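Please open the model in your viewer and keep the selection panel at hand.

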Amino acid sequence: TEDKEETTTNNNGNKDTTNESSSDSNTNKDDIIFIDQDPNAFSVLLNCMRSGMVYLPQNDPYLSKKTLLLAEYLGIHGFIITVKATTMKNVSRRDDYLSDEISEAAQFDVRFGSFRSAVSKGILPTCFFPPGDDLTIRVSDRVFHASKSILVDKSGYFGRL
């Protein structure tokens, strides 16, 4: 490509020289969309839109929350429906949806209210992720952590969980 040099004058009256590729000069500035939001959250959403898979960074709850709220702000309905349906499946500890994603999302709305409210209350993103096998047991003032499958296997009491 052909390079050209462009000189502009900044606010102080000094001249700035920049190099610009001729292929870049064909870009119409009207084609550029500016979104004043977190670029990391937007990156997560863009990857989801490209792949068709809903992913949230489980090890970064703050980024997950920002991504959820940005999805709502931008109106990315497919993403939101999948998050709601997956959350309902995980809260109910089911391997599959009882019905389609839209019906599951509607159940989410009945149970948790608005999407933003679920994020504010900490329901999302926490319940979006599948429940682990970890079990926290509080006995008086002490807290114990154990594997649920081991406790169920070793004790009839925990089999009722």
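Of the 161 residues of the protein, 27% count as buried, where buried means under 20% relative accessible area, exposed means over 50%, and partly exposed lies in between, with a 1.4 Å probe and protein chains only. This is a predicted model, in which local features need pLDDT of at least 70 and side-chain atom pairs count only at pLDDT 80 or more, while totals for chains, interfaces and linings use all residues. Residues are numbered from 1 along each chain as its sequence is written, and side-chain values use heavy atoms, with hydrogens and water left out.

Helices (H or I, at least four residues) and strands (E, at least two) are DSSP runs, numbered from the N terminus. The accessible surface, computed by the Shrake-Rupley method with a 1.4 Å probe and, for residues, with only the protein chains shown counting as cover, comes to about 11,500 Å², of which 49% belongs to carbon and sulfur atoms. Contact means heavy atoms within 4.5 Å, and among contacts between residues at least 6 apart in sequence, 38% join residues at least 24 apart.

**Helix α3**

Next select residues 61-74, which form helix α3. Within α3, show the side chains of Leu-63, Ser-64, Thr-67, Leu-68, Leu-70 and Ala-71, which are buried. Viewed down the axis of α3, the buried residues fall within an arc of 165° and so line one face of the helix, the arc being that of the directions from the helix axis to the C-beta atoms. Tyr-62 and Tyr-73, on the other side of α3, are exposed. The cover over the buried residues of α3 includes α2 (39-51), α4 (77-91) and α6 (115-120). Just after α3, stop at Gly-75, which takes a positive phi of about 70°.

**Helix α4**

How many of the 15 residues of α4 are buried? Eleven of them are, so α4 is largely enclosed by the rest of the structure. Among these buried residues are Phe-79, Ile-80, Val-83, Ala-85 and Met-88, and the buried residues of α4 pack against α2, α3, α5 and α6. After α4 comes Arg-93, whose phi is positive, near 55°.

**Helix α5**

Now move to residues 101-112, helix α5, and select Glu-104 within it. Glu-104 is buried, with a relative accessible area of 0%, and, not counting residues up to four places away in sequence, it touches Ala-85, Met-88, Arg-94, Tyr-97, Leu-98 and Ser-99. Arg-111, also placed in helix α5, is partly exposed at a relative accessible area of 49%. Leaving aside neighbours within four places in sequence, Arg-111 is in contact with Met-88, Val-91 and Ser-92; from Arg-111 to Met-88 the C-alpha distance is 9.0 Å, although the two are 23 residues apart in sequence.

**Salt bridges**

A salt bridge here is a side-chain nitrogen of Lys or Arg within 4 Å of a carboxyl oxygen of Asp or Glu, and by this rule the count comes to three.

- Select Asp-38 and Lys-66, whose closest N and O atoms are 2.8 Å apart; Asp-38 lies in the loop between α1 and α2 and Lys-66 in helix α3, so the pair ties together parts that are 28 residues apart in sequence.
- Select Glu-72 and Arg-116, with closest N and O atoms 3.3 Å apart; the pair links distant parts of the chain, Glu-72 in helix α3 and Arg-116 in helix α6, 44 residues apart.
- Select Asp-109 and Lys-84, with closest N and O atoms 2.7 Å apart; Asp-109 lies in helix α5 and Lys-84 in helix α4, so the pair ties together parts that are 25 residues apart in sequence. Lys-84 is buried, with a relative accessible area of 12%, whereas Asp-109 is partly exposed at 33%.

Methods
Expected span 1.5 Å × (residues − 1).
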